[in-house]
Amino acid sequence: MTPKEVLNMAKENGAKMVDLRFMDFPGLWQHFSVPIRELEESSFEDGFGFDGSSIRGWQPIHASDMLVIPDAATAKMDPFYEAPTLVLICDIADPVTREPYTRDPRNIAKKADAYLKSSGLGDVAYIGPEAEFFIFDDIRFESTRFGAFYEIDSIEGAWNTGRDEGPNLGYKPRHKEGYFPVPPMDKFQDLRTEMVLTLEELGIETEAQHHEVATAGQSEIDMRFKPLLQMADQLMWFKYVLKNVAYRNNHTVTFMPKPLFEDNGTGMHTHISIWNGDQPLFAGDKYAGVSQEALYAIGGILKHARALCAFTNPTTNSYKRLVPGFEAPVNLAYSSRNRSAAVRLPMYSTSPKAKRIEFRTPDPSCNGYLAFSAILMAVIDGIQNKIDPGDPLDKDIYNLPPEELAEIPSAPGSLDEALEALKADQEFLLKGDVFTQDAIDMWIEYKTENEINDVKLRPHPHEFYLYYDI
């Protein structure tokens, strides 16, 4: 879509406002709005000014002026605002040099796409995330200097079988038994359908929606694969739509990886494939019907997996899900059908076009622009350096003898470990100036100072249960 076509689209839809959206560094959408008369064809080059010092992980106060430059290809009408509003996703630029901002996650994704093309391996990387989430009815939490708590409630919660609901009609999924019961056990079929239809109206193609394993409304909606940058944009729309559809129906959605104790956490299995024109690079005659390049790509993911987790599993809560001995894919191995491996080669179809790699470790708390870019860079590094992934692991990992299990590398056990791995293994990310040293250093600094240390310094409520009477 051209700038002129965007202006025509706004006129046809009676748009009165323009919402300019962009990503902060940790991964939340930010925005400000201007009247529709402020949007001209020149706006797509000149941009709009804003204060970058107020955005997390960005500019210092003495160099705060920044530009948002709308991308015409991203134009959509917002489905929730009262006034008809045109939404444009924006890139960030320095107002003096006009150079793209190194800490703009969308800029990093654009550079990852460009690096793939320059490598000669392919011209497009397709990404297909399976983002899980929870639908709750009530969430309360507080963290102060003298107290902390959280409390979750859900009409589906297994803990509410004995609650007086006037009347309690039952049909609440037991822990770890939420995968795939029909209504009335599944109480969110219609809500998820409303989410899917809203996404479809925005031009975001979906493939399936269903209840997930955990009690209390754990769900999944799968988007059809798209090129990397487009999918990173869509993931932001995805989170926005799900939260707002839930909110207007008096529910709340969270993408937090592990909100419930002793039940399944929330992952985001991420599929990736590379194509050159109409040729899929990962189809071949090797293990599970993939090519040698696909095996090298797996080698790249497994080699760099611990560093990748700093972007694909970027919260302290992520590692409440990534715990050895449970169902989480912490084992750095690959298999065609073994879902306990970190990398899987899906076998639903034998078509060459369906051959892709599924990296199962990521979770949806990630910044998609950064996570997808980092995964692609690991894949490219694996192919370029012909990294051997070793033999596939088609055994049941959870029943392996301890001596065999000890030989399988594992994902980091904490965000601290993931960031340490990133410090030691980042050269593959710096190729092509995709991730700059400045961006990586700021990511490590921000996560350490604002999340790891904040969690470390606070007494945990369970510590009172364990230790108060010592």
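In helix α6, residues E293, Y296, A297, G300, I301, H304, L308, F311 and T312 meet L370, A371, A374, I375, A378, V379, D381, G382 and I383 of helix α8, a contact being heavy atoms within 4.5 Å. These residues divide into twelve nonpolar, four polar and two charged; Ala, Val, Leu, Ile, Met, Phe, Trp, Tyr, Cys and Pro count as nonpolar, Asp, Glu, Lys and Arg as charged, and the others, Gly among them, as polar. Helices (H or I, at least four residues) and strands (E, at least two) are DSSP runs numbered from the N terminus.

The model is predicted: local features need pLDDT of at least 70 and side-chain atom pairs count only at pLDDT 80 or more, whereas totals for chains, interfaces and linings use all residues. Residues are numbered from 1 along each chain as its sequence is written, and side-chain values use heavy atoms, with hydrogens and water left out.

Two packed helices are described by the angle between their axes and the distance between the axes. The axes are lines fitted to C-alpha atoms, for helices over the stretch in contact, and the angles run from 0 to 180 degrees between N-to-C directions.

| Helix pair | Angle | Axis distance |
|---|---|---|
| α6 (residues 292-312) and α8 (residues 368-384) | about 140° | 7 Å |
| α3 (residues 105-119) and α8 | roughly 20° | within 8 Å |
| α10 (residues 415-424) and α12 (residues 437-456) | roughly 160° | within 10 Å |

Angles under 35 degrees count as roughly parallel, over 145 as roughly antiparallel, 65 to 115 as roughly perpendicular and the rest as oblique. Helices α6 and α8 are therefore oblique to each other, while α10 and α12 are therefore roughly antiparallel. The contact of α10 with α12 involves seven nonpolar, one polar and five charged residues.

A crossing is left-handed if the near helix is turned anticlockwise from the far one by less than a right angle, and right-handed if clockwise. Helix α6 passes α8 in a right-handed crossing, whereas the crossing of α3 and α8 is left-handed. Contributors to the contact of α3 with α8 include I108, A112 and L116 of α3, and L370, L376 and I380 of α8.

The chain as a whole has 13 helices and 18 strands. Its C-alpha trace spans about 65 × 60 × 50 Å along the principal axes. Of the 470 residues, 54% count as buried, meaning under 20% relative accessible area with a 1.4 Å probe and protein chains only.

Methods:
Buried means under 20% relative accessible area, exposed over 50%, partly exposed in between (1.4 Å probe, protein chains only).
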